[in-house]
Amino acid sequence: MPDLFSQSADQPLSAVATRAAELRALLHHHAHRYYVLDAPEIPDAEYDRLFQELQAIEAAHPELRTPDSPTQRVIGQVLDGLLPVRHAVPMLSIDTETDTTPEGARAFDARVRKALSLEDGAPPVEYAAELKFDGLAINLRYEHGVLVQAATRGDGETGEDVTQNIRTINQIPLRLLAPPHTAALGEASPWPPEVLEVRGEVYMRRDDFEALNERQREKIAAGAKGEKTFINPRNTAAGAVRQLDPAMAAQRPLSFYAYGLGEVRGWAVPPTHGALMDAFVAMGLPVCEHRTLGEGAEALVAFHARMGALRDSLPFDIDGVVYKVNSLALQQQLGFKSREPRWAVAHKYPAQEMLTTVLAIEVQVGRTGKLTPVAKLAPVFVGGVTVTNATLHNEFEARRKDVRVGDTVIVRRAGDVIPEVVGVLPEKRPAGAEVFTMLTHCPVCGSAAVREEGEADHRCTGGLFCSAQRKQALLHFAQRRALDIEGLGDKLVDQLVDGEVVKTLPDLYRLGLSSLAALDRMAEKSAQNIVDALQKSKQTTLPRFLYGLGIRHVGESTAKDLARHFGRLDAIMDASVEQLMEAPDVGPVVAQSIRTFFDQAHNREVVEQLRACGLQWAEGEPAPRALLPLAGQTFVLTGTLPTLSREEAKERLEAAGAKVAGSVSKKTSYVVAGEEAGSKLDKARELGITVLDEAGLLALLPVDG
C-alpha cells in the first residue's frame with residue numbers, strides 16, 4: 001500500500017493538483033459506497049488514510065481546496081425512496097485522533113487548554129469519556145415527550161426519514177419518562193418539553209449479527225434465491241435502518257445508545273455532558289454503562305487503555321473512544337472549526353481491518369489432522385501487530401470468498417483472534433489468478449486427505465504417522481483414560497518432540513533413564529518415575545488401547561463397545577465397514593473412520609511396534625451383549641460411593657452390559673447414589689426411578705466383577 005502523499009521541494013504543483021483531484025474522486029466514490037449503498041469496498045482505515053493524505057495536501061496548498069472537497073463537509077446523501085429531513089441543528093461529525101498511543105489523548109488535552117488560554121499550573125479540564133460505537137448516527141425528535149421522527153445524519157444538514165424503521169427497535173422509547181428535578185440535572189422546567197432531539201447510534205450486537213448470518217446460511221442452504229450473508233455488523237445495521245420496508249428492517253435485530261442533543265425547546269439542559277447522560281437514563285433512554293468523568297489528560301489515557309483491554313469482550317464493535325469537555329458552557333466557549341467541534345475528539349484504536357496482497361495460499365496441518373488453507377500476505381499492520389498470515393478456514397470458505405493468489409484483500413484481526421480474510425477487491429485481481437483447490441494429500445506426511453460427508457473440513461488420514469499431529473497423539477495416548485502414563489504432560493512432550501527424541505508412539509517405550517534425565521528440569525528421580533510409569537502402562541485393556549490410538553470418532557464408550565463385540569484387536573483391524581456397523585452404536589461415519597485408520601499401512605505398523613515393545617491386554621471371544629446380565633439397562637451415577645470410585649463403578653457396569661449415562665431421563669433404569677448426591681437424585685425421585693446405594697449396585701453385578 002502506498003504511503004501518505006508527501007510534498008518534496010521539486011514536486012511540481014501540477015502533480016500535486018492531479019493527486020488532490022484523484023483523492024477527491026476516490027473519497028467521493030468510497031463515501032457513496034459506505035454511506036449511501038451500505039456496501040463499502042475498502043476498510044475504514046484505508047478511507048482514513050486517503051482522507052488524511054488529502055488533508056495534508058490542502059494544508060500545504062490551500063489554493064487546491066475546493067468547496068466540494070470531502071474535507072469540507074460531512075459526507076452522505078439521501079437514499080432515493082426516503083424522504084429528506086432538514087436538521088434544525090446540524091449533525092456534524094467529530095475530529096479523529098489517529099495517533100493510537102496515549103499521546104493522542106494528551107494532544108487533545110493540550111489543544112483544549114490552549115484554546116481556553118489555560119496556563120501551566122491551572123486546574124485540569126474535566127472531561128466525559130465514552131465509547132465510539134461502530135454503527136449509524138441517528139437523530140430522534142421527541143415533541144411533548146412523544147417520538148415523532150427519526151432521521152439519519154445524511155450530509156449533516158439533511159438526513160433521511162427512517163421513523164418507521166427506528167420504531168422497530170424496542171430499546172428506543174416511544175414516549176419519554178419525566179426525569180427527576182435535581183441540582184445535577186439542571187433547573188426545574190415544565191415537562192414534557194416542546195422539542196427534545198436525542199442523538200445516538202444504532203448498532204447491531206455481535207451475537208445478533210452471528211444469529212442473523214446463521215439464519216441467512218440456512219436460507220441459502222435451503223435454496224432460497226437472492227439471499228446472502230452479511231459482511232459486518234455496522235453495514236448490516238445501516239442497511240436495516242435505511243430499508244424502504246419496515247417489516248424487513250424488523251427482521252434485523254438492532255440496538256441503540258444515546259450520546260448527545262440536537263434541537264431543544266422548553267427544557268432546561270443540564271450544565272454538563274455527564275449530567276445530560278444521567279437525565280437520558282432517567283427518561284428511559286439507553287446510555288452505555290462504559291462512560292466516565294475524569295480530570296486532565298491522564299484520566300483520558302487511563303480510559304483509552306481500559307476500554308482497549310475490554311474491546312474484544314464487548315458485545316458490540318467499537319473502533320475507539322470519544323472525549324468531550326464535560327462543561328457545556330466550556331463547549332460553547334470552545335465552539336467549532338470547519339466541520340467539527342473543538343471540544344470533542346474520537347481517539348481510535350489500531351485498525352482491525354486493512355488492505356494487503358495475497359502472496360500465496362498454503363495448507364497447514366493442525367494437531368488433530370485438520371487441513372487449513374492459509375493466505376500468505378504482504379506484511380500489514382492491523383489490530384496492533386504486523387500480520388503476514390490469515391486463515392481461510394477451509395476449502396468452502398476460500399471458494400465462497402473467492403480468494404486467489406495475487407488478490408488485494410481486506411484482512412481483519414480483533415485482539416487475539418487469528419487474522420482472517422473478510423473480503424476481496426475483484427477489480428484489482430491480476431489476470432490468470434486461479435481458484436483455490438484443496439490438496440488431495442497431506443503436505444506433511446503424504447497421507448490421503450479426506451473430507452467426511454456433511455463436514456466442511458479436510459483431514460489428514462496419517463494419524464499416528466503424521467509429524468504435525470505427533471504432540472497431540474502422544475498426549476492423547478498418555479492421558480488417564482487411555483494408557484494412563486503418569487507424568488507425561490505438555491511440557492515433557494514438547495521437549496521430546498521438539499528435540500526429536502520421540503517421533504512415534506513406540507519411541508516412548510524405547511526411552512531410557514539417561515535420555516530422560518538429560519532433558520531440561522528433569523532430575524534422575526523424575527526420569528525414573530517416567531520410566532516406571534511407561535513400564536506400568538504396558539499392562540492395559542483393549543478398550544484403553546483402542547481409545548489411546550486416537551481414531552477419529554472413537555471415544556471411550558465406542559472403544560468399549562468395539563472390544564466387547566469383537567473381542568480381539570486383529571478382528572477390529574480387519575473388519576469391513578459393514579461388520580464394524582454391527583457393533584452397538586457404531587454407525588456408517590464411525591465405521592468408515594475406523595476402516596480408513598487401519599487401511600493406512602503406517603498405522604498398522606505403529607500398532608505392531610507397540611505390541612513388540614511389550615504392550616498387552618486380555619483378549620477373548622466376543623461376548624454376546626444380549627447374554628450379559630445388565631444388557632439393555634441404563635445407569636446414572638451420582639455422589640461419592642463408600643468403596644468404589646466413579647470410574648470403577650462405571651467399568652464394572654459396562655462390563656456387565658449396562659450403559660452408563662450422564663443425565664437422568666425416563667429411559668434411565670437405575671440411579672446409583674452416594675454421599676452428597678445432587679440434582680440427579682432429585683430428578684430420579686421426581687420420575688419415580690429406582691435409586692440404589694453401593695450395596696444395591698454390587699448385588700446386581702456379577703460376583704467376579
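Let me start with what covers the buried residues of helix 16, which includes helix 13 (490–498), helix 14 (505–508) and helix 15 (513–517); here buried means under 20% relative accessible area, exposed means over 50%, and partly exposed lies in between, with a 1.4 Å probe and protein chains only. Helices and strands are DSSP runs numbered from the N terminus, where a helix (H or I) has at least four residues and a strand (E) at least two. Please keep in mind that this is a predicted model, in which local features need pLDDT of at least 70 and side-chain atom pairs count only at pLDDT 80 or more, while totals for chains, interfaces and linings use all residues. Residues are numbered from 1 along each chain as its sequence is written, and side-chain values use heavy atoms, with hydrogens and water left out.

Which residues of helix 16 are buried? They are A527, I530, A533, L534 and S537, and because they cover an arc of only 120° around the axis, they sit on the same side of helix 16, the arc being that of the directions from the helix axis to the C-beta atoms. On the face turned away from that buried side, helix 16 carries the exposed residues E524, K525 and K536. As for its length, the 14 residues of helix 16 (residues 524–537) should span 20 Å at 1.5 Å a residue, and the end C-alpha atoms are 20 Å apart, which agrees; the expected span is 1.5 Å times one less than the number of residues.

Let me move on to the nonpolar cores, each a set of buried Ala, Val, Leu, Ile, Met, Phe, Trp, Tyr and Cys residues joined through side-chain atoms within 4.5 Å. The largest of them has 57 residues, and those with the most contacts inside it are F477, I485, L508, Y509 and L562. If we leave aside neighbours within four places in sequence, F477 is in contact with residues including I485, L508, Y509, F545 and L615, where contact means heavy atoms within 4.5 Å. A second, separate core of 34 residues includes A150, V198, M204 and L212.

How many aromatic pairs does a search of the whole structure find? The search finds 14, and rings of Phe, Tyr and Trp (its six-membered ring) pair if their centres lie within 6.5 Å, with planes under 30 degrees apart counted as stacked, over 60 as edge-to-face and the rest as tilted. One of the pairs is F133 with Y203, which is stacked at 6.2 Å centre to centre and 10° between the planes. F133 lies in strand 3 (residues 126–133) and Y203 in strand 7 (residues 195–203), so this pair ties together parts that are 70 residues apart in sequence. Both F133 and Y203 are buried, and together with Y257 and F316 they form one aromatic cluster.

Turning to cysteines, a search of the whole structure finds zero disulfides, a disulfide being a pair of cysteine sulfur atoms within 2.5 Å.

Finally, a word about the backbone: most residues other than glycine have a negative phi. H553, however, has a positive phi of about 75° although it is not a glycine, and it lies in the loop between helix 17 (542–548) and helix 18 (556–566). With a relative accessible area of 32%, H553 is partly exposed.
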